Amino acid sequence: MLRFRFLGFPVEVQPFFWLTMAMFGGGFSATSAEDWRDVMLWVTAAFASVLIHELGHALTMRRYGEGAVRIVLYAFGGVAMSQSLARTRGRQIAISAAGPGLEIGAALLVHLVARAFGIESEWLRAWVTFFVGVSLFWGVFNLIPIVPMDGGRILEAALGPARIRTTLTISMVLAIAAGAALFLLFGSLFGAIFMGMMAWSNWQQLNQGRSAPWTRVS
Ligand SMILES: [Zn+2]
């Protein structure tokens, strides 16, 4: 397990993070040395991208004075956590939006800098392409209002606890639509199953009549 501190936050990277990222980067079909180079570049680009995303959440938590903020990168992405048990809705929206916001901002900055100065190295050029692509995809995807993704947390906080059923219904419908789109447009069975699990969890929360736990995880 890789553990380090970054900007004062403890960061833990679980082994499954590397494994799933290598899978997304084409690690299962790589045959040539060039393929493996691309897998390695893709994994490091995804690592930087997800870390920047979680830093957006963590830095905002710290700005609001939340204690014990830490970051964990696990199988399908990352989480930033704090000890805060309750947040105002405005703060929750700011914390949830800051992750995709910083990630998309970093992608645009890297893209502009690379274009302005030009890149000689073929390796670096490939890395920048992966970084910008994965950051834009992950940032925008996370903003879809599906609980428990960032967009879902934003919708949940915006509508408030009194309208949690509306939030969960919107979330469930969008999760089914996103799963179908991932499968039909990209042939991603994995994406469809992942979205199906979110829709199922929304359905369960709706039927237990419980409001979603006000979460410390973003
Ligand atoms: Zn996030």
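In which helix does Gln92 have its place? Gln92 sits in helix α3, where helices are DSSP runs of H or I with at least four residues, strands are runs of E with at least two, and both are numbered from the N terminus.

## About the model

This is a predicted model, in which local features need pLDDT of at least 70 and side-chain atom pairs count only at pLDDT 80 or more, while totals for chains, interfaces and linings use all residues. Residues are numbered from 1 along each chain as its sequence is written, and side-chain values use heavy atoms, with hydrogens and water left out.

Let us begin with the overall layout. The domain assignment divides the protein into domain 1 (1–143) and domain 2 (145–218); such bounds come from an automatic or database domain assignment. Between the C-alpha centres of domain 1 and domain 2 there are 22 Å. Counting heavy atoms within 4.5 Å as contact, 25 residues of domain 1 touch 20 residues of domain 2. About 1900 Å² is buried between domain 1 and domain 2, and carbon and sulfur atoms give 63% of this area. Here buried area is the accessible area (1.4 Å probe) that two parts lose on being put together, summed over both. In domain 1, the residues that lose the most area to domain 2 are Arg89, Gln92 and Phe141, which together make up 30% of what that side buries.

What about polar pairing across this interface? The rule finds zero salt bridges between domain 1 and domain 2, a salt bridge being a side-chain nitrogen of Lys or Arg within 4 Å of a carboxyl oxygen of Asp or Glu. It does find six residue pairs in polar contact across the interface of domain 1 and domain 2, both residues being at pLDDT 80 or more. A polar contact is a pair of N or O atoms within 3.5 Å; within protein, one must be able to donate a hydrogen and the other to accept it, and residues adjacent in sequence count only if both atoms are side-chain atoms. On the side of domain 1 that touches domain 2, α2 (33–63), β4 (77–81), α3 (89–117) and α4 (122–142) each supply at least two residues. Helix α3 gives the most to that side, with seven residues. The residues of this side of domain 1 comprise 14 nonpolar, eight polar and three charged. In this grouping, Ala, Val, Leu, Ile, Met, Phe, Trp, Tyr, Cys and Pro count as nonpolar, Asp, Glu, Lys and Arg as charged, and the others, Gly among them, as polar.

Gln92 is buried, at a relative accessible area of 2%, and its side chain makes a polar contact of 2.9 Å with that of Arg87. Buried stands for under 20% relative accessible area, exposed for over 50%, and partly exposed for values in between (1.4 Å probe, protein chains only).

Leu189, in helix α7 (residues 189–207), is exposed, with a relative accessible area of 52%. Leu189 and Val79 are separated by 110 residues in sequence and by 24 Å in space, C-alpha to C-alpha.

## Salt bridges

Side chains of opposite charge can pair when their charged atoms come close. How many salt bridges does the rule count? The count comes to five. Arg37, Asp38 and Glu122 are linked in a network of salt bridges. The side chain of Arg37 meets Asp38 at 3.0 Å, N to O, and Glu122 at 3.4 Å, N to O. Glu122 lies in helix α4 and Arg37 in helix α2, so this pair ties together parts that are 85 residues apart in sequence. Arg37 is buried, with a relative accessible area of 13%, whereas Asp38 is partly exposed at 25% and Glu122 is partly exposed at 45%.

Another salt bridge joins Glu156 and Arg153, whose closest N and O atoms are 2.8 Å apart. Glu156 and Arg153 are three residues apart in helix α5, and therefore separated by about one helical turn. Both Glu156 and Arg153 are buried.

## Backbone features to check

Most residues other than glycine have a negative phi, and most peptide bonds are trans. Which residues depart from this pattern? Leu7, in the loop between β1 (2–6) and β2 (9–13), has a positive phi of about 50° although it is not a glycine. Ala68, in the loop between α2 and β3 (70–74), also has a positive phi, near 50°.

The peptide bond from Val147 to Pro148 is cis, with omega near 10°. Pro148 lies in the loop between α4 and α5 (150–159).
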